[in-house]
Amino acid sequence: MYIKRKTLSIQKIGYMILLFPMIEPGSFEQIRIIDLTFNLLKLISYVSIFLLYIGKRRKIDIFSLTVLSCYFTGIISTILHRGWLYGAAVQMTIVVSMILFVKILLEEDPMLCFDVFLPLLKVLIYANLISIILFPNGMYTDMVGVNYYRSTNWILGTDNGHVPYLIAGMTIAIVRDYYQYGKAKISFRSWCLIVACYMTVFIRWPATAVVGMIIIFPVIFMPKLFAKRKWLNIVTYMIVAEVFFFAVVIFRTQNYLGFLIQGFLHKDLTFSGRTPIWNQAMSAISAKPLLGWGVYDSKTAWGYLGHVHAHNIILQMLFSGGILQLVFFLYFHILTMKKLMKNKHNVITCFFSVMIFSMLIMNQMEIYQSGIWFLIYALAYNSDKIIMHQRECQLVRNRS
């Protein structure tokens with residue numbers, strides 16, 4: 001037993017070493033020598049994950065293949081339009097590596113997967129909150145795009161950039177507790193992390209993140225309610241997200257919610273200049289609808305969009321890879337939805353569903369395509385395996 005535990009501990013440490021470069025904090029990117037070191041370590045991690053995956057003769061599943069196809073479409077478009085090929089390739093590698101890494105860990109043991117991610121995320125989340133408290137006006141200034149400087153940066157980067165870490169940390173902490181206890185129970189340590197995540201958002205008040213965290217709030221405190229209500233499921237959430245896109249991004253009905261946008265979120269009705277960016281994106285998309293324009297560096301993208309990105313995930317997919325990329329993007333959401341609907345009344349599934357709903361709404365105003373963002377999708381797609389393994393462990397415990 002001692003040898004087995006020691007082996008598992010060494011294995012977990014090894015996996016954590018592979019993971020750490022893949023979740024590089026935004027502040028590290030500002031120090032050239034550290035960023036270069038992390039880039040080298042990332043390459044080692046990506047190669048190691050790929051070798052681990054093929055070494056055990058695992059087949060690539062339809063979800064991974066669809067995500068790969070989604071971002072490979074962007075690479076094709078980038079090549080055709082002589083865009084930033086390195087950026088497009090790195091983006092695809094980061095996302096696909098994270099999905100394969102999660103699959104490797106879950107097949108070993110779901111608890112191992114949770115315990116590899118959670119300690120690192122906790123350290124980053126708590127350190128980031130401390131940096132916000134100590135430096136309320138920001139730790140450093142960076143330049144984004146063309147003559148656009150941003151001073152509100154902390155350990156995890158800009159305040160909107162904190163979101164993937166907060167979402168991932170809360171998701172893994174809560175799902176780990178549900179998995180371990182076999183019911184909707186949250187440990188004291190997880191409550192501390194949840195409070196830290198909400199403090200991070202509410203101190204800084206980035207409107208997109210505030211909305212996302214408000215969406216998550218009810219399922220944290222009333223998980224059984226979500227498990228009992230038939231209409232509270234991922235299908236409903238995806239329909240609402242789609243309606244939101246057409247109502248706000250396409251038809252601009254936000255005037256009807258002016259009291260909420262201006263009074264509560266403290267934003268103007270252009271969502272801090274997002275509507276002009278959407279207009280430019282749609283104009284560019286209409287010129288090349290099938291394969292889009294490809295991926296560009298921030299300076300070139302600014303010329304097309306008036307910003308480094310389209311500030312909306314649907315428009316961004318259409319811009320970088322056209323209708324073809326959007327089809328793959330929507331399809332891996334459909335695949336995830338089908339998996340979540342298998343156990344739609346399970347508290348783990350209910351929680352994943354609300355998290356993805358929150359992510360979809362936040363992606364209407366910001367662009368989140370990092371590996372850690374896709375960690376949630378990978379876990380949600382494999383939720384049936386997590387639940388099945390939990391039930392098997394519960395049966396073993398009951399017999400013993």
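The backbone oxygen of Phe-271 lies 2.8 Å from a polar atom in the side chain of Arg-274, a polar contact in the sense of an N or O pair within 3.5 Å, where, within protein, one atom must be able to donate a hydrogen and the other to accept it, and residues adjacent in sequence count only if both atoms are side-chain atoms. This is a predicted model, in which local features need pLDDT of at least 70 and side-chain atom pairs count only at pLDDT 80 or more, while totals for chains, interfaces and linings use all residues. Residues are numbered from 1 along each chain as its sequence is written, and side-chain values use heavy atoms, with hydrogens and water left out.

Let's stay with Arg-274. This residue lies in helix H12 (residues 274-287); helices are DSSP runs of H or I with at least four residues, strands are runs of E with at least two, and both are numbered from the N terminus. Leaving out residues up to four places away in sequence, Arg-274 touches Asn-160, Thr-208, His-311, Met-365 and Glu-366, where contact means heavy atoms within 4.5 Å.

Buried means under 20% relative accessible area, exposed over 50%, and partly exposed in between, using a 1.4 Å probe and protein chains only.

| Residue | Relative accessible area | State |
|---|---|---|
| Arg-274 | 10% | buried |
| Lys-228 | 61% | exposed |

Lys-228 belongs to helix H9 (residues 223-228).

The largest nonpolar core has 129 residues, and Phe-117, Ile-220, Leu-375 and Leu-379 touch the most other members. Such a core is a set of buried Ala, Val, Leu, Ile, Met, Phe, Trp, Tyr and Cys residues joined through side-chain atoms within 4.5 Å. Helix H15 (residues 347-362) gives the most to this core, with 13 residues.

Helix H16 (residues 371-381) is mostly covered, as eleven of its eleven residues are buried; among them are Leu-375 and Leu-379. Beyond its neighbours within four places in sequence, Leu-379 is in contact with Val-102, Leu-106, Cys-113, Phe-114, Ile-172, Phe-352 and Ile-386.

Finally, the strands. An open sheet of three strands runs in the order S1-S2-S3 with antiparallel pairing, and two strands count as paired if DSSP finds at least two bridges between them. At the edges are S1 (140-143) and S3 (157-158), each pairing on one side only. Strand S2 (residues 149-154) pairs with S3 over two bridges, and Thr-158 in S3 is the bridge partner of Asn-153.
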